[in-house]
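These are my notebook entries on a structure opened today. I list what I looked up and what I found.

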There are 2 protein chains.
Amino acid sequence: MTEVAEQEIPGAIVVALSGPSFAKEVVTCQPTAVVVASETDDAAEIAQRAFSSSYFRTYTHTDVIGVELGGALKNVMAVATGIAEGLGLGFNARAALVTRGLAEMIRLGLALGAEQSTFAGLAGLGDLVLTCTGSLSRNRAVGVEVGKGRSLEDVLRDKETVAEGVVTAQSARELAAREGVEMPIVDTVNRVLFEGQPARSAIAALMTRELRAEVDR
Amino acid sequence: MTEVAEQEIPGAIVVALSGPSFAKEVVTCQPTAVVVASETDDAAEIAQRAFSSSYFRTYTHTDVIGVELGGALKNVMAVATGIAEGLGLGFNARAALVTRGLAEMIRLGLALGAEQSTFAGLAGLGDLVLTCTGSLSRNRAVGVEVGKGRSLEDVLRDKETVAEGVVTAQSARELAAREGVEMPIVDTVNRVLFEGQPARSAIAALMTRELRAEVDR
């Protein structure tokens, strides 16, 4: 989004604000912490001072690409955890999906020039945890319905809100292919949503990938 | 624990198995993924083969200290998120606590010789997410009761199970002091559990710490 905004408004310095922030909670003054990122420190600090209050905390950041990727990719992982939930899988599977999902996000992020530490922060891990475990997530809700066996078309027909993860799943797969990055969870979401693979066999295939070391060495 | 076991059984090679694995779900064959860590690859691989099944996935690891610290420290963070929940705070605050909690775990881990990447994996982030968001967590349940205003003594009297995070909070604070590591969430949990600070003011103090950059540069 910052790339688009900077093209449309030449000379503007655009700040990206992202992090775990269900709008309903921000509106009711629930404590919330986010990051504001810009390539120049000054811009992020101006935004930090403008938006901070006793219940809304803003941390400055310089990794604009990482912050934006975190906010976008986490929606795909939320669809994946929703599918698992719809299939009746438990908390252990969800935690594993969140963890392996973050690893995929980091791999794509590094290929696109983002910093690893961004994904360990509020705009990465924080937003991922919120979206995959908070009951208000739209993306997760879509996944749950698909996991229960409804078609994507059928699920989207009923929704008044936008589930960004559905579109982002396709963009993420294209970016991963272009960059030569392995993203098995993103692939799985695409196969279930758009290629008719039954959710159960797709998730089973994901869980039984070849045994190996957790960190490639 | 591996240090204790190796002292008690001289010459033994001890493997640490840890990760997001509520026992109730493992027993009912729900998909679960964990790590098995040993300082020699061979031992971890033997354990990997011995424990793996279609629903229980084991990834090998060499960072024994990191895997063990992740499993212990996450319980303190679960108490913290429970306290926030008991106070009525929402998902945004919980996601922020999980994120900043992982940062604290990493700081202490690095000081004690663990590897940062371990905390991004199943034994760190994975187990943290499970324990802070899964409804079965004993540590979180204790935090919730304390957040609602009950005393720790009163809460523990009713429990038949062990909430390790209560004891680990004290150990973590001592280790952090010895290593000169800042752990504000661990400090807050200690102040609420053992020093009579009201939960509301303690959590408010945590949320309104000085504004700064998310990643120290």
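**Entry 1: strand β3 of chain B**

Which residues point one way from β3(B), which point the other way, and are they buried or exposed? I note at the outset that the model is predicted. I found B:Phe56, B:Thr58 and B:Thr60 pointing one way from β3(B), with B:Arg57, B:Tyr59 and B:His61 pointing the other way. All of these residues are buried.

**Entry 2: strand β2 of chain B and its partners**

I then turned to β2(B), which spans residues 32-37. β2(B) is likewise mostly covered, with six of its six residues buried. From β2(B), B:Thr32, B:Val34 and B:Val36 point one way, whereas B:Ala33, B:Val35 and B:Ala37 point the other way. All of them are buried.

How do β2(B) and β3(B) run, parallel or antiparallel? They run parallel, and six bridges join them. I looked up two positions along this pairing. B:Thr32 stands opposite B:Phe56 in β3(B), and B:Ala37 has B:His61 as its bridge partner in β3(B).

I also checked strand β1 of chain B, residues 16-18. Three bridges join β1 to β2(B), and these two strands run antiparallel. Within this pairing, the partner of B:Ser18 in β2(B) is B:Val35.

Helix α3 of chain B, residues 41-51, forms a β-α-β unit with β2(B) and β3(B), and the unit is right-handed.

**Entry 3: helix α12 of chain A**

Which residues of α12(A) are buried? In this helix, residues 199-207, I listed A:Ala199, A:Ala202, A:Ile203, A:Leu206 and A:Met207. They lie on the same side of α12(A), because they cover an arc of only 135° around the axis.

A:Ala204 and A:Leu110 are 94 residues apart in sequence, and their C-alpha atoms are 28 Å apart in space.

I looked up B:Thr168, which is placed in helix α10 of chain B, residues 164-179. B:Thr168 has a relative accessible area of 14%, so I classed the residue as buried, the limit being under 20%. A polar atom of the B:Thr168 side chain lies 2.9 Å from the backbone oxygen of B:Glu164. Apart from neighbours within four places in sequence, B:Thr168 is in contact with B:Ala72, B:Leu73 and B:Val76.

Helix α11 of chain B, residues 184-194, is mostly covered: eight of its 11 residues are buried. Among them are B:Pro184, B:Ile185, B:Val186 and B:Leu193. The buried residues of α11(B) pack against α4, α5, α8, α9, α10 and α12 of chain B. After α11(B) comes B:Gly196, and I recorded its phi as positive, near 75°.

**Entry 4: A:Arg157**

A:Arg157 lies in helix α9 of chain A, residues 152-158. Is this residue buried or exposed? At 59% relative accessibility, A:Arg157 counts as exposed. The A:Arg157 side chain makes a polar contact with the side chain of A:Asp154, at 3.3 Å. I also took the separation from A:His61: 96 residues in sequence and 38 Å in space, C-alpha to C-alpha.

**Entry 5: cysteines**

How many disulfides are there over all chains? The count comes to zero. For A:Cys132, the nearest cysteine sulfur is that of B:Cys132, 15 Å away. A pair would have to lie within 2.5 Å, so A:Cys132 is in no disulfide. A:Cys132 is buried, at 0% relative accessibility, whereas B:Cys29 is partly exposed, with a relative accessible area of 40%.

Technical notes. Residues are numbered from 1 along each chain as its sequence is written. Chains are lettered from A and ligands numbered from 1 in the order in which they are written. This is a predicted model: local features need pLDDT of at least 70, side-chain atom pairs count only at pLDDT 80 or more; totals for chains, interfaces and linings use all residues. Side-chain values use heavy atoms; hydrogens and water are left out. Buried means under 20% relative accessible area, exposed over 50%, partly exposed in between (1.4 Å probe, protein chains only). Helices (H or I, at least four residues) and strands (E, at least two) are DSSP runs, numbered from the N terminus. A polar contact is a pair of N or O atoms within 3.5 Å; within protein, one must be able to donate a hydrogen and the other to accept it, and residues adjacent in sequence count only if both atoms are side-chain atoms. Two strands pair if DSSP finds at least two bridges between them. A crossover is right-handed if, with the strands pointing away from the viewer, the path from the first strand over the helix to the second runs clockwise. Contact means heavy atoms within 4.5 Å. The arc is that of the directions from the helix axis to the C-beta atoms.
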